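Subject: Structure for you to look at

Hello,

Here is the structure I promised to pass on. Please open it next to this email and follow along.

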Amino acid sequence: MKHPQLTVRGVRARTVSVPMRRPLGTSATMMTAAPFLLVDLYTEEGITGRAHTFCYLDIAAPMMRRVLEAAGELIVGVPLDPERIRRVCQDHFALLGAHGVVAMVISALDVACWDALSRAAKLPLARYLGGATETVPSYNSNGLSLRRSDGDLGQITEEANELLEPGFNALKIRLGRENPREDLTAVRAVRSTIPSESLLMSDYNQALSVEEAIERGRGLEEEGLYWIEEPVAHDDFAGSSEVTQALGTPIQAGENFWGPNVLATAIAMTAMDYVMVDLMRIGGVSGWLRAAALADKARIPMSSHLYPEVSTHLLGVTPTAHWLEYVDWAEAFITAPILISHGNAKVPEGPGTGVFWDEDAVAHYATD
Ligand SMILES: [Mg+2]
């Protein structure tokens, strides 16, 4: 691909922590605030590329900021080519290992590069990458958490209805309660309150052993779940494959796959029916495109994990595009939220990813 000629002038790293409108309780953790690292990639030509990456834990935000500052210093004066910038960073961090927070920072830089290039070309990222899709199907992934020891089913049904209100036809419920009967009761409560044509995804966040996953999955087989996500450890491909073979309900996995090579291994081991990649773990836009090609070759439907603002563009160029995961966390500091109607997210039409910071909000939520 021939890119517009840009040269990196510098990188600015900032961190914010924004309150979540609905605290996220999964089998793994409970979050009430979302820490983000913000990247501004400046060029000599005056174009700025932006990216935001979710830090998961407060303690990770300053670590990632420091890594980004170090990476930023390495690439001053370097022509803005995503592959070249990735190589410079990966070489620098090679002995430490370009994994974990380092990998996420390199991915964030990659996203900022593609944002700058498509802005320079005056095209939305999706079109810059050759896509013509205008909307992608999206489910509301906010809420339906494991935050109560569910005697409170009235509240879960009320929340399900609220989550459909912005124009969604699909939701995701978190599972993995101590007692499987409580999961079953919660699923039935939500399923019976939402319209029959609405879809209900589910997510165990790696809570189960293979044996438990098969037993619990069989107990949910008649409940019409659209998928069961990460029932077992994300790197237990053999175990996940066993669960996938045993259950009729499709198994979804992939948000914890670090790079396209991991996806290739998971595909080779038939570890899942559906895959969902995380923009920052899969390797930014560049990694996503490689993953999309692998999913296409294996004919596996591919969804996104977090980052709806950028993933909307990328699903627009994914041959086996499936579902956009919608979360509203970044809306606290981004000027133009993703628009949803009739169950679809609109691919933004402005240049680049369409992500601009609301500077007042960034100042308000700054944790620097
Ligand atoms: Mg998940």
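Below is what I found in it, part by part.

First, a caution. This is a predicted model.

**The two domains**

Domain 1 covers 8–122 + 359–365, and domain 2 covers 127–346. Their centres, taken over C-alpha atoms, are 24 Å apart. The two domains touch: 34 residues of domain 1 are in contact with 29 residues of domain 2. Which elements supply the domain 1 side of that contact? At least two residues each come from β1, β2, β3, α2 (82–92), α3 and α13 (359–365). Of these, α3 gives the most, with 9 residues.

Look at the open sheet next. It has 3 strands, in the order β1-β2-β3, with antiparallel pairing. The edge strands are β1 (8–25) and β3 (48–54), and each of them pairs on one side only. From one strand to the next, the twist averages 20°.

Now take β1 and β2 (residues 30–43). They pair in the antiparallel sense over 13 bridges.

Helix α3 (residues 100–120) lies across β2 and β3. The angle of α3 to β3 is about 145°.

**Helix α5: a helix with two sides**

Helix α5 (residues 153–164) has 12 residues. From its first C-alpha to its last it reaches 17 Å, close to the 16 Å expected at 1.5 Å a residue.

Which residues of α5 are buried? They are Ile 156, Ala 160 and Leu 163. These residues cover an arc of only 70° around the axis, so they sit on the same side of α5. The spacing is worth a thought. An α-helix has 3.6 residues a turn, so residues three or four places apart point the same way.

The face of α5 turned away from the buried side carries Gly 154 and Glu 158, which are exposed. And what covers the buried residues of α5? The cover includes β4 (135–140), β5 (170–174) and α6 (180–193).

**Two enclosed elements**

Strand β9 (residues 274–278) has 5 of its 5 residues buried, so β9 is largely enclosed by the rest of the structure. Tyr 274, Met 276 and Asp 278 point one way from β9, while Val 275 and Val 277 point the other way. In a regular strand the side chains alternate between the two faces of the sheet. Strand β8 (residues 251–253) pairs with β9 in the parallel sense, over 2 bridges. There, Ala 253 stands opposite Val 275.

Helix α12 (residues 308–315) is also largely enclosed by the rest of the structure, because 8 of its 8 residues are buried. Among them are Pro 308, Glu 309 and His 313.

Start with Tyr 307. Tyr 307 lies in the loop between β10 (302–305) and α12. Its phi is near 45°, a positive value in a residue other than glycine. Is Tyr 307 buried or exposed? With 24 C-beta neighbours inside 10 Å, Tyr 307 counts as buried. The cut-off for that is 20 or more.

Then go to Gln 206, in the loop between β6 and α7. Gln 206 has a phi near 70°, again a positive value in a residue other than glycine. Gln 206 is buried, with 22 other C-beta atoms within 10 Å.

Finish at Ala 207, in the loop between β6 (199–203) and α7 (210–220). Ala 207 is buried, with 21 other C-beta atoms within 10 Å. Leaving aside residues up to four places away in sequence, Ala 207 touches Ser 27 and Gly 176. How far is the C-alpha atom of Ala 207 from that of Glu 230? They are separated by 8.0 Å, although the two residues are 23 residues apart along the chain.

Best wishes

Conventions: Residues are numbered from 1 along each chain as its sequence is written. This is a predicted model: local features need pLDDT of at least 70, side-chain atom pairs count only at pLDDT 80 or more; totals for chains, interfaces and linings use all residues. Two strands pair if DSSP finds at least two bridges between them. Helices (H or I, at least four residues) and strands (E, at least two) are DSSP runs, numbered from the N terminus. Axes are lines fitted to C-alpha atoms, for helices over the stretch in contact, and angles run from 0 to 180 degrees between N-to-C directions. Two residues are in contact if their C-beta atoms, placed from the backbone, lie within 7 Å. The expected span of a helix is 1.5 Å times one less than its number of residues. A residue is buried if 20 or more other C-beta atoms lie within 10 Å of its own, exposed if 12 or fewer, and partly exposed in between; C-beta atoms are placed from the backbone. The arc is that of the directions from the helix axis to the C-beta atoms. Domain bounds come from an automatic or database domain assignment.
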